[in-house]
Amino acid sequence: MQPTHPLTRGAGEPLSAQLAQRLAARILDRLLPAGARLPSVRQCAALHGVSPATVVAAYDQLLAQGLVEARPQRGFFVRDLEQNAPNPSVKRSSHAPEKEATSSRLQQPINATALIRGMFAPAGAQPQPGMGIFPPDWLAAPFVAAAVRKVAASRQWPATALQYGDPRGDAGLRAVLAQRLVALGLPATPDRILTTVGATHALDIVSRTLLKPGDAVMVEEPGWAVEFARLDALGMRILPVPRGPQGPNLDVMARYCAEHAPRLYVSVSVLHNPTGGSLTPAAAHRVLQLAQQHDFHVLEDDTYSHLAPEHATRMSVLDGLQRTVYVSGFAKILAPSWRVGYLAAPAALVERLLDTKLLATLTTPSLLEQALALCIEQGQLRRHTERLRQRLDAARARSVQLAQQAGCRFAAEPAGLFGWIDTGVDTDALALRLLDEGYLLAPGSLFHARGGASPLMRINFATTQEAEFWRRLHVHLAAMRG
């Protein structure tokens with residue numbers, strides 16, 4: 001198969017120049033980060049349907065521009081642009097559409113920038129196996145726009161819109177969120193809830209409130225690359241805790257507690273990203289015992305709560321919001337661009353958390369919060385979520401079958417939105433091979449605090465329904481395995 005956006009023969013510009021400009025655009029946009037290895041000459045020639053000599057000429061142009069470096073016996077690697085400024089004459093190719101800005105984020109210990117840029121790049125024609133959300137057609141819900149219109153047409157709205165909203169968040173939304181949390185077994189009253197600009201903002205508020213640079217923070221590994229990078233950017237010492245099917249490695253946690261005195265443990269207890277596992281009651285109790293014994297807080301990220309059974313074990317429920325801070329949001333199931341999230345915290349922390357929110361965003365958008373409250377109150381969100389669950393269950397069954405037929409095995413029991421599969425090859429290299437065929441992968445290195453080659457990768461069950469993707473994956477796996 002040729003690349004989704006093939007080079008153009010007879011365009012008045014040599015193929016080598018087109019290829020060099022395409023790769024240069026990715027490098028300049030930080031989508032191929034410093035340290036990323038370019039495909040071998042043979043691989044690149046096969047992907048683009050050109051001769052090896054054309055690829056060599058393109059790579060020579062990138063060398064001359066200072067964008068890559070050649071390492072003997074190893075290949076070509078992207079240079080650090082901050083230390084080695086590229087030639088200002090480098091052009092962006094008209095043959096490299098923006099939708100190609102979904103390059104792999106490889107080789108860097110912590111590189112969230114490329115990951116985030118890939119997340120926000122315009123979607124291509126094909127579903128993306130590495131994406132972290134449902135496809136747009138799954139999320140489409142007419143009641144969302146209707147709720148916004150209803151709020152905007154209300155008599156109270158003009159006066160409300162002309163002033164800042166309640167810094168804690170819309171009172172109506174906090175009331176319905178409190179009801180939802182009580183249904184989960186979490187005793188959170190509205191005055192213990194703050195709304196945020198998405199769950200990521202909530203995680204950041206908690207981190208900035210409870211931590212100072214140099215503090216040690218325990219994080220699950222594999223885990224979310226953006227969380228690693230965010231904590232690293234705040235100057236924290238990251239302590240990776242291996243995450244298994246039933247929860248964190250408690251022996252490692254105990255050792256960290258004794259040696260490093262961590263101030264925080266960040267966990268996705270339910271439908272963990274990327275493995276899909278959920279915490280057992282026994283593991284949750286032991287974590288809370290360690291938190292009490294060693295005086296640290298637990299930040300529980302329940303982003304996937306809407307896709308999980310209500311009886312799933314949550315540390316915040318067992319703890320009653322004493323040492324835990326609960327975080328969730330709605331981006332995974334409804335209107336991701338609304339960026340409505342929230343946190344529920346111990347009473348003694350609420351004012352401190354509010355001060356941090358005030359310094360960052362002052363308040364949060366009342367219109368969207370009131371519209372969301374309306375969707376929840378009228379039962380529309382619940383019915384929408386039930387439909388998503390049913391559709392996801394069917395998609396998961398199909399994806400598992402296709403993955404196994406392609407020669408992959410699951411490293412964790414398939415559950416939730418994501419599958420954690422073992423390909424048997426370096427998934428960084430696999431991601432580069434499939435990129436020019438239009439497929440964005442999420443290689444295992446993204447989910448480890450310090451990167452490193454991995455045979456594992458995360459797939460999105462909702463975006464891996466096409467047999468053609470798995471056929472192409474199988475072809476590349478066979479070639480890489482020799």
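This is a predicted model: local features need pLDDT of at least 70, side-chain atom pairs count only at pLDDT 80 or more; totals for chains, interfaces and linings use all residues.
Q: What makes Arg-314 and Asp-302 a salt bridge?
A: A salt bridge needs a side-chain nitrogen of Lys or Arg within 4 Å of a carboxyl oxygen of Asp or Glu. The N to O distance between Arg-314 and Asp-302 is 2.5 Å, so the pair qualifies under that rule. Both Arg-314 and Asp-302 sit in the loop between S8 and H13, 12 residues apart. As a general point, side chains of opposite charge can pair when their charged atoms come close.

Q: How many salt bridges are there by this rule?
A: The count comes to 15.

Q: What makes Asp-295 and Arg-323 a link between distant parts of the chain?
A: Their closest N and O atoms are 3.0 Å apart, and the two form a salt bridge. Asp-295 lies in the loop between helix H12 (281-294) and S8, Arg-323 lies in the loop between helix H13 (315-319) and S9, and the two are 28 residues apart. Helices (H or I, at least four residues) and strands (E, at least two) are DSSP runs, numbered from the N terminus.

Q: Which labels do Arg-71 and Glu-69 get?
A: Arg-71, at 26%, is partly exposed, and Glu-69, at 30%, is partly exposed as well. Their side chains form a salt bridge with an N to O distance of 3.0 Å.

Q: What makes the pairing of Ser-269 with Glu-300 a polar contact?
A: A polar contact is a pair of N or O atoms within 3.5 Å; within protein, one must be able to donate a hydrogen and the other to accept it, and residues adjacent in sequence count only if both atoms are side-chain atoms. The side chains of Ser-269 and Glu-300 make such a contact at 2.6 Å. Contact in the plain sense means heavy atoms within 4.5 Å. Leaving aside neighbours within four places in sequence, Ser-269 has contacts including Arg-243, Asp-301 and Met-315.

Q: Why is Glu-227 called buried?
A: Glu-227 is at 6% relative accessibility, so it counts as buried. Glu-227 belongs to helix H10 (residues 225-233). A polar contact of 2.5 Å joins its side chain to that of Arg-230. Not counting residues up to four places away in sequence, Glu-227 touches Leu-203 and Val-266.

Q: Why do S3 and S6 count as edges of the sheet?
A: The open sheet has eight strands in the order S3-S10-S9-S8-S7-S4-S5-S6, with mixed pairing. Strand S3 (193-196) and strand S6 (247-248) each have a single partner strand, so one side of each is left without a neighbour in the sheet.

Q: How do you know that S9 is paired with S8 and with S10?
A: Two strands pair if DSSP finds at least two bridges between them. Four bridges join S8 (residues 297-301) to S9 (residues 324-329), and these run parallel. Another four join S9 to S10, which run antiparallel, so both cases meet the rule. In S10, Tyr-342 is the bridge partner of Ser-328.

Q: Why can S9 be described as largely enclosed?
A: Six of the six residues of S9 are buried, so the rest of the structure largely encloses this strand. Thr-324, Tyr-326 and Ser-328 point one way from S9, and Val-325, Val-327 and Gly-329 the other way. In a regular strand the side chains alternate between the two faces of the sheet.

Technical notes:
Residues are numbered from 1 along each chain as its sequence is written. Side-chain values use heavy atoms; hydrogens and water are left out. Buried means under 20% relative accessible area, exposed over 50%, partly exposed in between (1.4 Å probe, protein chains only).
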